[in-house]
Structure formats: C-alpha cells, structure tokens
Amino acid sequence: MSILSAILLFGFLIFIHELGHFIFAKMSGVKVLRFSLGFGPKVIGKKIGDTEYLISAVPLGGYVKMLGEEPEEEVKNSEKERSYKNQPILKRASIVFAGPIFNLLTAVVIFFFVFMIGVPTLLPVVGEIMPDTPALKAGLSKSDRIMTIDGRPIRHWGEMTDIIYGSANKALNLKVQRGSEIIDISITPESKKVKDIFGEEKEIGLIGVKPSGETIKIKENVYNSVKNAFLRTWEISALTIVGIIKLIQRIIPADTIGGPILIFQLAEKQATAGALNFFTFAAVISINLGILNLLPIPILDGGHLLFLGIEAIRKKPLSEKAMMIAQRIGLAVIITLMVFAMYNDIFRLISGKPLP
C-alpha cells in the first residue's frame with residue numbers, strides 16, 4: 001500500500017501541474033487537443049469536445065497538447081484564433097506559468113489543512129542538560145518548562161530555539177516553570193559555529209539543552225492556518241531555490257540529487273509514518289516540482305517563459321530553427337540530469353546508503 005501511495009502521489013502532483021496549463025488554456029480560448037496523465041502509448045482515452053483525455057502507459061509525467069504549440073506546426077486559417085502561438089504574450093505566459101503556480105497552491109492547501117488538524121510539536125521542556133554549559137551555570141534543571149523569553153510567550157521548542165540561536169552572547173531573561181513554582185533565570189547563550197543544511201558554517205547561540213521529548217498538538221485557527229500555509233510554502237520555495245544554487249556552486253554534493261526511485265522511497269517511508277507526514281511530504285514535493293519547472297531550461301515551463309521574455313524584448317519570436325535547437329539542447333540537459341539522478345538512486349540502493 002505504501003508503494004501505491006507513492007505512485008498515486010506522483011501521478012496526482014503531475015495531474016495538478018497539467019491541470020493548471022489546461023484550465024488557463026481553456027480560459028484563454030486556446031484549443032486543447034490532448035490532456036494526458038502519463039507519457040507513451042495510450043491506455044485509455046475519451047474525446048470530449050475538442051479535447052482527447054488520456055491515461056498513458058508511463059505514469060512518470062503528463063502533458064497538455066495545444067493547437068499551434070509546436071513552432072513548426074501548421075494551423076488552418078479558420079483555427080488561428082484558437083492557436084496557442086497566435087495568442088498575445090501575456091496569455092501564453094499565463095498558460096505556461098499556471099502549471100508551477102498550481103503546484104505551489106496545492107502545497108498551500110495541504111499546509112492549511114495540516115495546520116488546522118494540528119501538528120505534533122515539541123514542548124519547551126528541558127530534557128538533558130550538558131555539563132559546563134550556560135544552561136547548567138544559569139541554574140536550569142531537567143523538566144523545567146520555559147514559559148517566556150524576554151517577555152515573549154513560548155509555546156513550543158522551535159520558538160525557544162529561534163530566539164536562542166539569534167542571541168549569541170546576549171543575556172536573555174527566562175521565566176521558567178519548575179513544578180508549581182515560577183522562577184526567573186538570566187542566561188547568556190554562548191557563540192558556536194555550526195554547519196547548516198548546506199554544509200556552510202554560521203554562528204548561532206547555544207545554551208546546552210536537549211528537549212524532553214514531550215509533545216503537544218498545536219491547532220491553528222483559520223486565519224493563522226492560511227497565514228502559516230503561505231509562509232511555509234514561501235520558506236520551502238526559497239530553500240529549494242537556495243539548494244539549487246548551492247548544487248551549481250558545488251557546495252551541496254551532486255550525489256544528493258535523486259530521481260523517481262528516491263521520491264518513491266521517501267514517499268513510502270512517509271506514508272508508513274502516518275498520514276500527516278505523508279501529506280506534508282506531498283506538499284514539499286509539489287513545491288519542488290513547481291520550482292524546478294520554472295528553471296530557464298528549454299522544454300521546461302521556465303524555458304518557455306524565457307522564450308516569451310525574449311520575444312517581448314525583440315518584438316518578435318525567435319526563429320523556428322533557433323527554438324528547435326534550444327529545445328533539443330534542453331531535452332539533452334534534462335535527459336542527462338535524469339540519467340544522473342537514476343544512477344544516484346541505483347547506487348544508493350546497491351550500497352545501502354541511508355535515505356536523505
């Protein structure tokens with residue numbers, strides 16, 4: 001069932017992406033010839049109106065085929081008004097941009113329901129205290145619950161660590177609940193250099209405590225759920241973009257790149273861990289799918305937007321020959337990346353390297 005969940009997830013997110021293109025094409029008056037979930041030979045299909053709706057044999061993709069989408073495609077005079085390439089630039093850009101936007105909005109919707117249902121979160125309760133640390137010297141004890149820091153209420157462990165990380169060598173005033181007693185403690189986080197998720201060193205404040213492991217499910221109201229959903233989607237989008245830049249700069253090792261096998265493994269792992277983990281993972285993958293499709297590589301949505309930008313500047317489109325050459329180069333780049341990702345996936349399976 002877990003593997004099936006992974007396949008359904010991948011198919012659903014691709015469907016959402018292509019649905020964005022499809023809806024905006026229809027809204028723009030463009031004739032859609034085919035709407036396929038999957039690539040390759042047709043498994044089943046039905047034509048409704050102008051459009052043939054298909055499920056194809058290879059579920060790792062999907063596409064919307066519009067009239068006049070290909071540069072060399074001949075279009076009858078009677079249908080030119082409904083041809084993609086005869087639409088204004090802004091209309092064409094909206095059709096292209098809609099796919100990634102639908103993926104990002106899907107993540108927002110998922111995160112909204114996650115926040116509404118409630119996220120299990122670590123309580124700000126002290127567990128282990130390390131020797132010779134600011135926490136020990138200040139008098140913190142195991143099972144102390146941090147109530148406020150400099151007057152700011154603390155609901156969970158993450159709120160506490162965010163303040164401490166950003167307060168190296170700065171005195172903080174804590175209100176701590178110890179049993180039935182509330183006490184005041186002054187503590188100064190010591191400065192430490194640590195590596196972030198990209199392997200780069202940064203300076204943060206630490207006091208030398210670990211959480212007790214006690215959790216609480218924090219449910220948000222509708223307003224906060226909407227706000228947090230957009231904020232979380234933005235944060236992960238920014239993190240994805242930074243990650244791509246770090247890969248290009250070779251700060252992140254290339255062997256961390258994964259393909260469908262890795263996605264299926266991670267999806268299976270998250271599905272086994274529970275519905276909340278699985279849907280949160282789905283939101284992250286949806287964001288990644290949206291951002292990666294905006295890369296300015298021909299054949300990706302970002303490549304099409306690049307062509308449209310050049311057309312807007314030049315006041316005329318690129319020549320058919322130039323676009324076809326660019327698309328072949330883009331296809332070669334994508335195939336190379338896919339082969340490399342699959343190699344990493346297979347090597348990870350053979351070597352027994354743990355999942356990221």
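Which residues does Lys217 touch, not counting residues up to four places away in sequence? I looked, and Lys217 touches Ile117, Gly118, Val119 and Pro120. Contact here means heavy atoms within 4.5 Å.

**Entry 1: ground rules**

This is a predicted model, so I noted that local features need pLDDT of at least 70, that side-chain atom pairs count only at pLDDT 80 or more, and that totals for chains, interfaces and linings use all residues. Residues are numbered from 1 along each chain as its sequence is written, and side-chain values use heavy atoms, with hydrogens and water left out.

**Entry 2: the whole chain**

I found nine helices and twelve strands in the chain. Helices (H or I, at least four residues) and strands (E, at least two) are DSSP runs, numbered from the N terminus. Of the 356 residues in the chain, 38% are buried. Buried means under 20% relative accessible area, exposed means over 50%, and partly exposed is in between (1.4 Å probe, protein chains only). I also looked at contacts with a separation of 6 or more: residues 24 or more positions apart account for 62% of them.

**Entry 3: back to Lys217**

Lys217 lies in strand β12, residues 215-218. Lys217 and Ile117 are 100 residues apart in sequence, yet their C-alpha atoms are 8.7 Å apart in space.

**Entry 4: Pro124**

I went to the loop between β3 (119-122) and β4 (126-129), where Pro124 sits. Pro124 counts as buried because its relative accessibility is 0%. Leaving out residues up to four places away in sequence, Pro124 touches Asp144, Arg145, Ile146, Ile154, Arg155, His156 and Trp157. I also checked Pro124 against Glu214: they are 90 residues apart along the chain, and their C-alpha atoms are separated by 8.4 Å.

**Entry 5: Ser83**

Ser83 is in the loop between β2 (51-66) and α2. Is Ser83 buried or exposed? Ser83 counts as buried, at 0% relative accessibility. Not counting residues up to four places away in sequence, Ser83 touches Leu67, Gly68 and Val75.

**Entry 6: two positive phi values**

Most residues other than glycine have a negative phi. I picked out Ser143, whose phi is positive, near 80°. Ser143 is in the loop between α3 (134-138) and β5 (145-149), and Ser143 is exposed, with a relative accessible area of 52%. Asn169 also has a positive phi, near 60°. I found Asn169 in the loop between α4 (157-165) and β7 (172-178), and Asn169 is exposed with a relative accessible area of 54%.

**Entry 7: α5 against α7**

Two packed helices are described by the angle between their axes and the distance between the axes. The axes are lines fitted to C-alpha atoms, for helices over the stretch in contact, and angles run from 0 to 180 degrees between N-to-C directions. For helix α5 (residues 222-248) and helix α7 (residues 275-293), the axes come within 10 Å and cross at roughly 55°. That makes α5 oblique to α7. Angles under 35 degrees count as roughly parallel, over 145 as roughly antiparallel, 65 to 115 as roughly perpendicular and the rest as oblique. The α5 and α7 crossing is right-handed. A crossing is right-handed if the near helix is turned clockwise from the far one by less than a right angle, and left-handed if anticlockwise.

I listed who makes the contact: Thr233, Ile236, Ser237, Thr240, Ile241 and Ile244 from α5, with Val284, Ile287, Asn288, Ile291 and Leu292 from α7. These residues divide into seven nonpolar, four polar and no charged. Ala, Val, Leu, Ile, Met, Phe, Trp, Tyr, Cys and Pro count as nonpolar, Asp, Glu, Lys and Arg as charged, and the others, Gly among them, as polar.

**Entry 8: α2 against α8**

The axes of α2 and helix α8 (residues 301-314) come within 9 Å and cross at roughly 160°, so these helices are roughly antiparallel to each other. Their crossing is left-handed. In α2, Ile89, Arg92, Ala93, Val96, Phe97 and Pro100 meet Asp301, His304, Leu305, Leu308, Glu311 and Ala312 in α8. I sorted this contact into eight nonpolar, one polar and three charged residues.

**Entry 9: the largest core**

The largest nonpolar core has 20 residues, and Leu9, Phe111 and Ile287 have the most contacts inside it. A nonpolar core is a set of buried Ala, Val, Leu, Ile, Met, Phe, Trp, Tyr and Cys residues joined through side-chain atoms within 4.5 Å. At least two residues of this core come from each of α1 (2-27), α2 (89-117), α5 and α7. The largest share, eight residues, is from α2.
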